[in-house]
Amino acid sequence: MSKNILLLNGSTRVKGNSLTICNSLRKSMLDKGAEVEIENIQEYFNNNSVENLEMKFNNADIIGIVAPLYVDGFPYPVIAFLEEIQEKFSELLKGKSLFMVGQCNFPQSIRIKPMILSCQCFAKELEMKFLGGMSYGGSVVRIEGRSLEEAGKEGKRMIKALDMAVDDIINDKEISKVSNDLFKNDFNSLFLRPFAVAANIMFKEAKKKHMESSNK
């Protein structure tokens, strides 16, 4: 029997990097015989009612959240969304499985950990099975505006990691450390300081050019 999977795009930019990852997950899941839908959480923030998702939550065996890191956690629309579905669908979600994928522009993916722990607590509260999470850093540098298939060697590595994770997810297993380590894209700590210096210089130059063009 094929699994029914609901992917939730948690980015406030509906067509940003999180959707790119959702699309790659969806392709891998479809290739493995699952039924998959993607919903954008932003569309349910002060707009559509989450009650419109009741049937999709009911039909889903597995729910995945893909979201960017904002400061040190989920974007507020994601938090509000999770609070609302906890209030309205707690019985409906009981016994289902949950996983998450976080991405950020910081060079160290460890910053995603609070989001993963939040999902773990959410799953425990609703008596869901938590399948773990994946973390990706440096997303703007790597995949901004491109599909993973278009992102060269980096994209191929990410696709391979996500495909490995999907094998676990579909079999209702915790996402392996091997797939997460392949996915996470951490910068070597030796390069962090020169990277920060270079980024600061680039930012100052861009600001200077913007000011000059504004004064013309």
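A search of the whole structure, a predicted model, finds five aromatic pairs, where rings of Phe, Tyr and Trp (its six-membered ring) pair if their centres lie within 6.5 Å, and planes under 30 degrees apart count as stacked, over 60 as edge-to-face and the rest as tilted. One of them joins phenylalanine 57 and phenylalanine 81: the ring centres are 6.4 Å apart and the planes stand at 40 degrees, so this pair is tilted. Because phenylalanine 57 lies in helix α2 (residues 54–59) and phenylalanine 81 in helix α3, the pair ties together parts that are 24 residues apart in sequence. Helices (H or I, at least four residues) and strands (E, at least two) are DSSP runs, numbered from the N terminus. Phenylalanine 57 has 0% relative accessibility and counts as buried, and phenylalanine 81 is buried with a relative accessible area of 3%; buried means under 20% relative accessible area, exposed over 50%, and partly exposed in between (1.4 Å probe, protein chains only). Ring pairs also bring Tyr44 and Phe89 into a cluster with Phe57 and Phe81.

Residues are numbered from 1 along each chain as its sequence is written, and side-chain values use heavy atoms, with hydrogens and water left out. As this is a predicted model, local features need pLDDT of at least 70 and side-chain atom pairs count only at pLDDT 80 or more, while totals for chains, interfaces and linings use all residues.

Turning to helix α6 (152–170), its 19 residues should span 27 Å at 1.5 Å a residue, and its end C-alpha atoms are 27 Å apart, which agrees; the expected span is 1.5 Å times one less than the number of residues. The buried residues of α6 include Met158, Leu162, Val166 and Ile169, and also the charged Glu154 and Asp168. In the loop between α6 and α7 comes aspartate 172, a residue other than glycine with a positive phi near 60 degrees. Aspartate 172 counts as partly exposed, at 26% relative accessibility.

A positive phi, about 65 degrees, is likewise found at valine 71, which is not a glycine. Valine 71 is placed in the loop between β3 (62–68) and α3 (76–93) and, at 72% relative accessibility, counts as exposed.

Finally, the charged end of arginine 111 sits over the ring of phenylalanine 106, 4.2 Å from its centre. Such a contact requires NZ of Lys or CZ of Arg within 6 Å of the ring centre and within 35 degrees of the ring normal.
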